[in-house]
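Morning, everyone. I'll walk through one model today, from the overall numbers down to a few contacts. Please have a look at it first.

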Amino acid sequence: RCRKFPALTHCCTIDYFRPWPADALISVAGRFLADADLGADEVRENLAHHMAYVHKCVSQQAALYSAQERRPTYTTPKSFLELVSTYKSQLAKARGSVDAQMQRLEQGLVKLHSSASQVAEMGIQLREEQVVVEQKKGETDGLLVQVGQESAIADEQAQVAEAEERQVAKIQSEVAAFEAQCAADLAAAEPAIKKAEAALEVLDKKALTELKSLANPPKDVVAVCQAVMYLTAKPKTNLKKLDSSWNGVRKAMGSVEAYLSMLQAFDRDSIPPENKEMVRRYTGPPDRPDPTFNGDVMKSKSVAAAGLCDWVCNMVTYHDMYIVIEPKRNLLAEAQTKMDDANRKLASVREHVSALEERKTVLQEQLVLATEEKNRLLDAAQRTAKRLDLAERLVNGLKDENERWGSQVELLKEHKALLVGNIMVAASFIAYIGPFNEAFRRRLVVEQWVPDVLSRDIPMTTYENGKALDPVSILADAAQVAQWKLEGLPSDRLSIENGAIISACARWPLLIDPQGQGLQWLKKREETNQLRVTSLLDRKFRNVLEDSMSFGTPMIIENVEEDIDPILDPVLNKSVQRKGRNLVIMLADKECEYDEKFKLSLTSKLANPHFTPELFAQVTVINFTVTMGGLEQQLLARVLSFERQELEEQRQKLVEDVNSNKKILKQLEDDLLFRLANSTGNLLDDTELIDVLNNTKTTSAEVSEKLANAEDTDKRINVAREEYRPVATRGALLYFLIVDMSAVNPMYQTSLVQFLSLFDFSITNSEKKANMLASKRIGLIIEYLTFHTTCYVQRGLFERHKMVWVLMLTMKIESVDEKLSHGYIQCLLKGGGALDIKSERPKPSAWIPDQVWLNLIATSQTVTMLRDLPDSVARNEQLWRHWYDEDAPEQAKIPEYDDRLTLFEKLLVVRSIREDRALLSVQTYVSDTIGQRYIDSRPLNLRETEEEANPFTPLVALLSRGADVTGIIMDLAKKKKVQVASISLGQGQE
């Protein structure tokens, strides 16, 4: 081609970029693996060779895939570099995960072993503490009895003291009252004493001397002096013999000074009664005193006599009171003595009680201390017993976990040693397997990659039953796969593999998703993460892209064509730069913020896109085209939702419950391991951990029982579901047959959504009666679905392709029913086209065309019953020539073989010898196999077709030259009484 442009070849230097040779691939892989911890250098070298082998295998299979499936797939040097990078990152991630699991399990085992060793020690400690506690308990009980006895005595004495206190209080009250009365009487006598003293103060030596000097004093004065003499006479004096004359009085006065002193010192309390009686003769009785014997009266006669008169009167008055008070004083003294005795007795009792109380207090303090010590020892013993109980519960509760975790640690160690090879297969799976279909994937993994890893002695998991390593089991666990299914991922093998690749790939995934199942799964999966969905034709596409990258939200670009806008190259290449603390990416001429949480997915509805090698290098292309098995599962669920809705709802709930229960089991174990690993201090004191353990054991038992029941329920449900599988199988067969028709003409394309509407319509409108057997109902659905789909498809086919459809349908049905082999079908389609006339046995006669002879040989090699067909033609040349010359050989009997051949084998004979009559023979085969109505010509029923249309599904009529459906449409509109507007879409029309 270059030679057609001389200027190009003369003015440019042309470099031919060939694929990297194996040595270059090995060298590059070895260079990048140099810093990886792979054990021995021999393993590293073998890995480099295996990576080169993987790249070479994929390149070869890509060419074969393109030739057989007409799906171009490319491998580039960047794909190889991505393989090496993916291997290193996945290996580090897997090792980190295994190390983390091993660390948690080992820490848990250490804690369990430590707890087990402490159980025996705590048992001994508990027995010793119980002995001490019993001893202390006996001492405390004895002390308690003593304290009780002492307290009783103290209480008894206290009661005695209280009685004494009440008695003393009564005496004190009586004495106080009597004392108050005496004091009142004394207070009443006090004025008389004071008056007497005042009267003496009036007397002085001069006044007395004057009185004494009187030779003949007045009678009243003499009476006063006589009264004084009688009053001051000594006790037991014979008063009658006493000289009471004035001279006698004067003589009695003696010395004035002595006389005055005697008066002042007079004992007023000890006046003899007879003395007072004599004085009363002068003063008069107390109640009728002599008015003349008064100080005031005497003043006019003698001042001294007046004073002496007042003194005598007051002394007599005082003594009258005194003789009344004195007995009371004696009684008061006796009462005071009695009170003093009572006080002394009370003090003695109190002292005794105080001593008892002190003793009681000391004993109580001793009892408190002894009780505290006993309680302390008892608490310690209880704590030890509780810890022992917790320890036994912990050790016994984790006995199963101890064994299981121990075995898991060993398995993880073995698994870690095998990660080198396991991750190699998984990394190859991620980097290369996406564009291929299920058959090529199995061929690459099972037949090429795994055997090569084993042959190079790279450590890898092997299975005794010959089962190959499953890359999906390395990239995702059962819980993740179950979650994907709940999110809407189809349950077939190819879809599960695609889910694993999408979850693990480093490059952004590009899904070849003509049926939109991958897109729906991605939307469901990311719907809670503020997912943005856009397309390259969206006028706000760039704004959505920038916002998603800035905020770190997932983004899906749908309806991608074969060419992608170059503005996405930096995003696809992940050309992210760090600027300060932020990440940025250059989008055309604009610097945009970038968040590491950003996720990008691309989907294409093209059934067989031809992406460029550059795009294959930038993204991870994943073939998400629906598979026969995946579609069959979906259709089975769909037919059950119509026919056995409760069964499908039960199955769906069962799947959700099983997934939830598995998550609960894993979460419980993870939580237990986390608590064991992060438990501080003594593990046996962590009651919360023991509670978690008990809850874990209880919940685990319940969940395990639920899972066991769920397994039995699932089996019963699947048995019931399998009854309707023929409907799903026929539906999947019809859909893929429609897809295959697009190879006949690109116009014959039908979406999965469109087919699902046909499927639902067939289930709804097929014959259904009450109490109808399920087997009969299933047969009616299959028949209605098959014929309704045929009518629907044939309505859009060219006339020459309608028989192709029914033939393919019939062969597919018999092939699924295992009545027709793949070889028979290939023989019908290819005949002897693959044979060379020169390399085969010569034909026996010249009338046999070369192609017919090759067809006969190919048929004999395919059909066992016709293995001697060439010999039969040679032996019976005339008979076969006669059959060959028949106008309708398909109706005539086939020589020698007619009774032994099936309809399809007869069709092969007709196709081999009289290919021009093969189409008529096909009609016979189809009519006898699935029914005459499938080959009958059916005119267009516009009314039925119009009923299938809706505002979103228009009718498009492809007209041959001279045909016009306007009249038919108008007639239908009149019958339905609707108005139809007619408009031309020609040039200049609006």
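**The chain as a whole**

Of the 990 residues in the protein chain, 43% count as buried. Buried means under 20% relative accessible area, exposed means over 50%, and partly exposed is in between, with a 1.4 Å probe and protein chains only. Now the ground rules. This is a predicted model, so local features need pLDDT of at least 70 and side-chain atom pairs count only at pLDDT 80 or more, while totals for chains, interfaces and linings use all residues. Residues are numbered from 1 along each chain as its sequence is written, and side-chain values use heavy atoms, with hydrogens and water left out.

The protein chain has 35 helices and 8 strands. These are DSSP runs, numbered from the N terminus: helices are H or I with at least four residues, strands are E with at least two. The chain exposes about 54500 Å², and carbon and sulfur atoms supply 51% of that. Those areas come from the Shrake-Rupley method with a 1.4 Å probe; for residues, only the protein chains shown count as cover. Among contacts with a separation of 6 or more, 75% are between residues 24 or more positions apart. Contact means heavy atoms within 4.5 Å.

**The parallel sheet**

What is the strand order in the open sheet of 5 strands? Reading across, it goes β2-β3-β7-β1-β8, with parallel pairing. Two strands pair if DSSP finds at least two bridges between them. The edge strands are β2 (532-535) and β8, each pairing on one side only. Neighbouring strands are turned by 25° against each other on average, direction ignored.

Look at β1, residues 509-512. Pro509 and Leu511 point one way, Leu510 and Ile512 the other way, and all are buried. β1 pairs with β8 (620-623) over 4 bridges, in the parallel sense. There, Leu511 has Ile622 as its bridge partner. β1 also runs parallel to β7 (599-604), joined by 3 bridges. Leu510 is bridged to Leu602 of β7. Over at β2, 4 bridges join it to β3 (554-558). Arg532 partners Met555 in β3.

Helix α16 packs on this sheet, touching β1 and β8, and its direction makes about 165° with that of β8. Asn498 sits in α16, residues 493-504. Is Asn498 buried or exposed? Asn498 counts as buried because its relative accessibility is 0%. Beyond its neighbours within four places in sequence, Asn498 contacts Arg441, Ile622, Asn623 and Phe624.

**The antiparallel sheet**

Next, 3 strands form an open sheet, β4-β5-β6, with antiparallel pairing. β4 (576-579) and β6 (590-594) are at the edges with a single partner strand each, so one side of each has no neighbour in the sheet. The twist averages 45° from one strand to the next. 4 bridges join β4 to β5 (582-587). Arg578 is bridged to Leu583 of β5. Helix α18 (541-551) lies across β5 and β6, at about 45° to β6.

**A helix pair**

Last stop. The axes of α24 (725-741) and α26 (774-794) come within 9 Å and cross at roughly 10°. That is why α24 counts as roughly parallel to α26. The contact includes Leu734 and Ile738 of α24 and Ile781 and Leu785 of α26.

Methods
Axes are lines fitted to C-alpha atoms, for helices over the stretch in contact, and angles run from 0 to 180 degrees between N-to-C directions. Angles under 35 degrees count as roughly parallel, over 145 as roughly antiparallel, 65 to 115 as roughly perpendicular and the rest as oblique.
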